[in-house]
Amino acid sequence: MELLKDIILQITFIIFPIFIYHLFWLSKTHVQVLEPNKILISCSTILSSILCILYPIELAEGIYVNLQGIPLFISIVYGGFIPGLLTLMPTSIYHFFLLHLEWYSVILCLIAYCTLPYLLRIKWQSFGLKRKQGWAIVYGAVLFGFSICSLVVESVFKNAIIPIKDLYMTNAFNLVLTMILLVTIYLIEYTKENALIRMELVKAEKMSMVSELAASVAHEVRNPLTVVRGFVQLIGNSTDNNITERKEYMNLVLAELDRAQSIISDYLGLASQQYITKEKIDLAETLEEIKTLMTSYANFKTVTINGNINKQLYVIGDHAKLKQVFINIIKNAIEAVPNVDGKVSIQAYVSHEFVRIKIMDNGIGMSPEQIARIGEPYFTLKEKGTGLGLTVTYSIIKNHGGSIRYKSEPNKGTIAIVSLPYYVSDNEQDAG
């Protein structure tokens, strides 16, 4: 039982640095992540080698072995000459001072441990997993052969027969070392492959986003431009006598150009949404201004706008972007209501250290599934729209430390509730 515990402990010393390397290096997303970090490899293998030496496996009474040959092999083939040399130092100290071997015996041990990995280190990264594991088996065989030769030489000098028990233990130990080395190489290659796949996925996702964005921009802008081109041709073919028809065409051209500009503004908003200025804003005045501004648009849609806005609703943020938020929400509300008896109401008040702005309409409403998707890029309930307006809206509100939520049922209207942190001046805090 103690032997099994010792082996498990040695395996832990060898495998744990692999996960440390993955945590501090391979889990990153920088370009150099697949290049070996020699400093981290050296620190990990040196620590692993020292721990293997300090807590050896007791095969029999007074007979101790360890697996420090594995971190030495790993440091050389994955790290190179310098990490291998640094990891070799505790191995040399172990053989010379702790085992009390003669200097020539130490040199022979180091040659057995280091020759093959140093020969493999240059081409190691180009090998496949099976070939690497094949060389690991060869390395185990080399150590086994060296152990047998050592026993033979020792028996010759002592003029004694090699104990069968020593042969069995040597064979079993080298078999365990080889198996653990195979598992170690597999884990290293597996973590490297996962890092490579993650990098490829991130790259593919970025390219997919760029492609999707480019396709969406092209599709959305092409529609109004196609309409503009058609009306420009009609204007060119019309006679000077038909001035009314030409004016109608011009108005339609301007409307489509405005729509194209709106689409481009939505996409530009996605790129610039993170940049906000901070200033004290009286949101009550801003909402009154927006209500007046949107009244003409509401009248065109035969929609009535009502307001119940409390005074002195102060917040900290970007005036232009917050104005963009409420224009977008109110515009959506106006477009969602019927052309007859359409109503949009705006309420604003302070509640629990937040300014609450409720924008209510008696429009077509939304299902729970539709509410859950509000704010997603390219999701829209309009026949002509990108869905990016609310994406930008959500992001602006989030960057202001606020939130937005919707309450709605089909054919029962919609309530949009925006919450922004209420700004309390120092004087008001002192008075409180």
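Author: One cut-off first: a residue is buried when its relative accessible area is under 20%, exposed when it is over 50%, and partly exposed in between. The model is predicted, and local features are reported at pLDDT of at least 70.

The helix to look at is α3, which spans residues 69–79. How many residues of α3 are buried? Eleven of its eleven residues are, and α3 is mostly covered. They are Gly69, Ile70, Pro71, Leu72, Phe73, Ile74, Ser75, Ile76, Val77, Tyr78 and Gly79. For the whole protein of 432 residues, 40% count as buried. Just past the helix, Gly80 takes a positive phi of about 110°.

Now the partners of α3. Start with helix α2, residues 38–54. Two packed helices are described by the angle and the distance between their axes. For α2 and α3, the angle is about 170° and the axes lie 9 Å apart. Any angle over 145 degrees counts as roughly antiparallel. The two helices, α2 and α3, are therefore roughly antiparallel to each other.

Which residues meet there? From α2 come Lys38, Ile41, Thr45, Ser48 and Ser49. From α3 come Pro71, Ile74, Ser75, Tyr78 and Gly79. By class, the contact holds four nonpolar residues, five polar and one charged. An α-helix has 3.6 residues a turn, so residues three or four places apart point the same way.

Next, helix α7, residues 164–237, where Thr184 is found. Thr184 is buried because its relative accessibility is 1%. Beyond its neighbours within four places in sequence, Thr184 is in contact with Ile14, Ile18, Ile70 and Ile74. Ile70 and Ile74 are among the buried residues of α3. Ile74 also takes part in the contact with α2.

Then helix α6, residues 129–158, which holds Lys132. Is Lys132 buried or exposed? Buried, with a relative accessible area of 1%. What does the side chain of Lys132 make a polar contact with? With the side chain of Glu189, at 2.8 Å. Leaving out residues up to four places away in sequence, Lys132 touches Tyr78, Trp124, Gln125, Phe127, Ile185 and Glu189. Tyr78 is the link back to α3, and it also sits in the contact with α2.

Now the wider chain, for comparison. The protein has 13 helices and nine strands. Among contacts between residues at least 6 apart in sequence, 70% join residues at least 24 apart.

Take helix α10, residues 319–336. Its 18 residues reach 26 Å from first C-alpha to last, close to the 26 Å expected at 1.5 Å a residue. At its start, a side-chain oxygen of Asp318 comes within 3.1 Å of the backbone nitrogen of Ala320. The buried residues of α10 include Lys321, Leu322, Lys323, Val325 and Phe326.

Thr286 and Leu322 are 36 residues apart along the chain, with C-alpha atoms separated by 8.7 Å. Thr286 is buried at a relative accessible area of 3%. Outside four places in sequence, Thr286 touches Ile281 and His319.

Ile281 leads on to Leu313, which lists it among its contacts, along with Asp282, Leu283, Val355 and Tyr422. Leu313 lies in the loop between β4 (303–309) and β5 (314–317). Leu313 and Val355 are 42 residues apart in sequence, yet their C-alpha atoms are 6.6 Å apart.

Most residues other than glycine have a negative phi. Glu353 has a positive phi of about 65° although it is not a glycine. Glu353 sits in the loop between β6 (342–351) and β7 (354–361). Glu353 is exposed, with a relative accessible area of 67%. Asn411, also not a glycine, has a positive phi of about 65°. Its loop runs between β8 (403–408) and β9 (414–421). Asn411 counts as exposed at 67% relative accessibility.

Methods
Residues are numbered from 1 along each chain as its sequence is written. This is a predicted model: local features need pLDDT of at least 70, side-chain atom pairs count only at pLDDT 80 or more; totals for chains, interfaces and linings use all residues. Side-chain values use heavy atoms; hydrogens and water are left out. Axes are lines fitted to C-alpha atoms, for helices over the stretch in contact, and angles run from 0 to 180 degrees between N-to-C directions. Helices (H or I, at least four residues) and strands (E, at least two) are DSSP runs, numbered from the N terminus. Angles under 35 degrees count as roughly parallel, over 145 as roughly antiparallel, 65 to 115 as roughly perpendicular and the rest as oblique. Contact means heavy atoms within 4.5 Å. Ala, Val, Leu, Ile, Met, Phe, Trp, Tyr, Cys and Pro count as nonpolar, Asp, Glu, Lys and Arg as charged, and the others, Gly among them, as polar. Buried means under 20% relative accessible area, exposed over 50%, partly exposed in between (1.4 Å probe, protein chains only). The expected span of a helix is 1.5 Å times one less than its number of residues. A polar contact is a pair of N or O atoms within 3.5 Å; within protein, one must be able to donate a hydrogen and the other to accept it, and residues adjacent in sequence count only if both atoms are side-chain atoms.
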